[in-house]
Amino acid sequence: MAYPPLILASTAITMDMEAGIFFTLYGIDVLKKSKYAKLKVAPLANPAMPMPVPNIVGAIPGMTAMATTMMKSMIKKINWPTIPELIEICHEGGVKLWPCEPSMAMMGIKREDLVPEAEESIGAAAYLDYASAASITLSF
Amino acid sequence: MGDTIDVKPDSVLDVKGLCCPMPVVKAKKAIDSIEVGQVLEIIGTDAGSKGDMPAWAKRAGHEFLGFSEEDGGEVFHFFVRKGK
C-alpha cells in the first residue's frame, strides 16, 4: 500500500520535520512512471485486507481487480489525493524520494523509468547514514 | 463542544470534505501566504483534525487558538495565529 508512507511524509513536512522515503524492491513501483498512477491491491497473501481474503480466494482470476476497485471506492469516499498528487505534494515540500539502487539493478529499472520527482538512487549505507540522525523511523 | 473563539480571522480556508492529511497540507500552504501575527481560520469536516490541527500548529511554530463546532459536530472551525 503506497498511501501510508506518502501521507506521513507529506504531513511531516508541514510540521517543519524533515522526511525521506527509501523505496526498496516492489516499493519502487510507487516511483515508476508506468505504474504509479495505477497501483493495484493484491488480495493474495495480504493480511491487511479489510476483510481477510483466504489465499485460495485471492488466487482466483479477477480478485486483484476486485480488491483494487474496492479500495478505489473507499479512497474516493474520503477524498484522498491520488498517488501522483501525493508524490507531487511530497516533492514540493522537500521530501526525499530515494529509490534503492540494488533493487533497481535487480529489476532492470532505469532512472528514466522513474518520475522526475525521484532522487538519484542510493544504496543501503547512504540511506542508513541519513536515517541514523532520525528521531522517527517507520517501516511499511 | 469546542471553545468560543473571539477572534477575527485574516484569512479563511475551506477544507470541508477533505480528510487527513489534506487539511493540514492545505493549512500549511494557506498560512505561508499570510503575515506573522495574522489569524487563519480553517473550516473542515474531518474529526481527526481536532487532534491534527493543534499538533501541526505547535510543531510548525504557530499558536493554536482553539476551535468551535457547528451542525452538531459535523463542521469544525479552527483558528491558528501565524507564529513565524
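# Two chains, one sheet in chain B

Reader: What kind of sheet do the four strands of chain B form, and in what order?
Author: The sheet is open, with mixed pairing, and its order is β1-β2-β4-β3 (chain B). Strands here are DSSP runs of E with at least two residues, helices are runs of H or I with at least four, and both are numbered from the N terminus. Two strands pair if DSSP finds at least two bridges between them.

Reader: Which strands stand at the edges?
Author: β1 (11-15) and β3 (63-70) of chain B; each has a single partner strand, so one side of each is left without a neighbour in the sheet. From one strand to the next, the twist averages 20°. Angles run from 0 to 180 degrees between N-to-C directions, and axes are lines fitted to C-alpha atoms, for helices over the stretch in contact.

Reader: Before I go on, where does the model come from?
Author: This is a predicted model, in which local features need pLDDT of at least 70 and side-chain atom pairs count only at pLDDT 80 or more, while totals for chains, interfaces and linings use all residues. Residues are numbered from 1 along each chain as its sequence is written, and chains are lettered from A and ligands numbered from 1 in the order in which they are written.

Reader: OK. How many bridges join β2 and β4 of chain B?
Author: Six, between β2 (residues 39-44) and β4 (residues 75-81) of chain B, and the two strands run antiparallel. Val39(B) in this pairing stands opposite Arg81(B) in β4(B).

Reader: And which strands does α2(B) touch?
Author: α2(B) packs on the sheet and touches β2, β3 and β4 of chain B, with its direction at about 165° to that of β3(B). Residues are in contact if their C-beta atoms, placed from the backbone, lie within 7 Å. α1(B) lies across β1, β2 and β4 of chain B.

Reader: At what angle do α1(B) and α2(B) cross?
Author: Roughly 35°, where the axes of α1 (residues 22-32) and α2 (residues 49-60) of chain B come within 10 Å. The residues that meet include Pro23(B) and Val24(B) from α1(B), and Asp52(B) and Trp56(B) from α2(B).

Reader: Switching topic: how many residues of chain B are in contact with chain A?
Author: 12 residues of chain B, against 11 residues of chain A. The largest share of the chain B side, four residues, comes from α1(B).

Reader: How many helices and strands are there in chain A?
Author: Six helices and two strands, running α-β-α-α-α-β-α-α from the N terminus on. The C-alpha atoms of chain A fill a box of roughly 45 × 35 × 25 Å along the principal axes.

Note on methods: Contact = placed C-beta atoms within 7 Å.
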